[in-house]
Amino acid sequence: YVDVIEKALVVGNPILIENMEETIDPVLDPLLCRHIIKKGRIGDKECVLHPNFRLILHTKLANPHYKPEIQAQTTLINFTVTRDGLEDQLLAEVVSLERPDLEQLK
């Protein structure tokens, strides 16, 4: 899979790696640590970084515990939806449609 990452890095395509566990492959360290600014090594090859390249890591773990340096180098987004949160979002949407004057008071 390193060849796919190298190609995406050069061309500028996004890469999605799904079902990550709590340990991350060391091959990804140069990307996560941002050691690659314009040029860098992935595996044993030197690559030129395209400005549109994006690396997205996906996990099904409800509460993943990554090393502190990984958490500092990445943006962690929790897409878990609770019933209360969904009710609040729907209520806000209904209020904004039916009573925009109340929405402006917020």
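**Figure 1. Confidence along the predicted chain.** In this predicted model, mean confidence is lowest in strand β2 (residues 39-42), at 57, and highest in β1, at 91. The score is pLDDT, the predictor's confidence in each residue, from 0 to 100. The chain average is 80, and 86% of the residues score at least 70. Where pLDDT is low, the predicted coordinates should not be read in detail. Residues are numbered from 1 along each chain as its sequence is written, and side-chain values use heavy atoms, without hydrogens and water. Because the model is predicted, local features need pLDDT of at least 70 and side-chain atom pairs count only at pLDDT 80 or more, whereas totals for chains, interfaces and linings use all residues.

**Figure 2. Order of helices and strands.** The chain has five helices and four strands, in the sequence pattern α-β-α-β-β-β-α-α-α. Both kinds of element are DSSP runs numbered from the N terminus (helices: H or I, at least four residues; strands: E, at least two).

**Figure 3. The largest nonpolar core.** This core has 14 residues, and those with the most contacts inside it are I5, I15, I17, I24, L28, L31 and F53. Two or more residues come from each of α1 (2-11), β1 (15-17) and α2; α1 gives the most, with three residues. A nonpolar core is a set of buried Ala, Val, Leu, Ile, Met, Phe, Trp, Tyr and Cys residues joined through side-chain atoms within 4.5 Å. Buried means under 20% relative accessible area, exposed over 50%, and partly exposed in between (1.4 Å probe, protein chains only). Of the 106 residues of the chain, 20% count as buried.

**Figure 4. V10 and L49.** V10 lies in helix α1 and counts as partly exposed because its relative accessibility is 43%. V10 and L49 are 39 residues apart in sequence, but their C-alpha atoms are 5.5 Å apart in space.

**Figure 5. Helix α4.** This helix (residues 83-98) has 16 residues and reaches 22 Å from its first C-alpha to its last, close to the expected 22 Å at 1.5 Å a residue. The expected span is 1.5 Å times one less than the number of residues.

**Figure 6. Lining of the largest pocket.** The lining has 29 residues, of which L55, I56, L57, T74 and T75 lie nearest the pocket centre. At least two lining residues come from each of α2 (29-32), β4 (55-57) and α3 (68-73). A pocket is an open set of points on a 1 Å grid over the protein atoms alone, where a 1.4 Å probe fits, with protein on both sides within 12 Å along at least five of seven lines; lining residues have an atom within 4 Å of a point.
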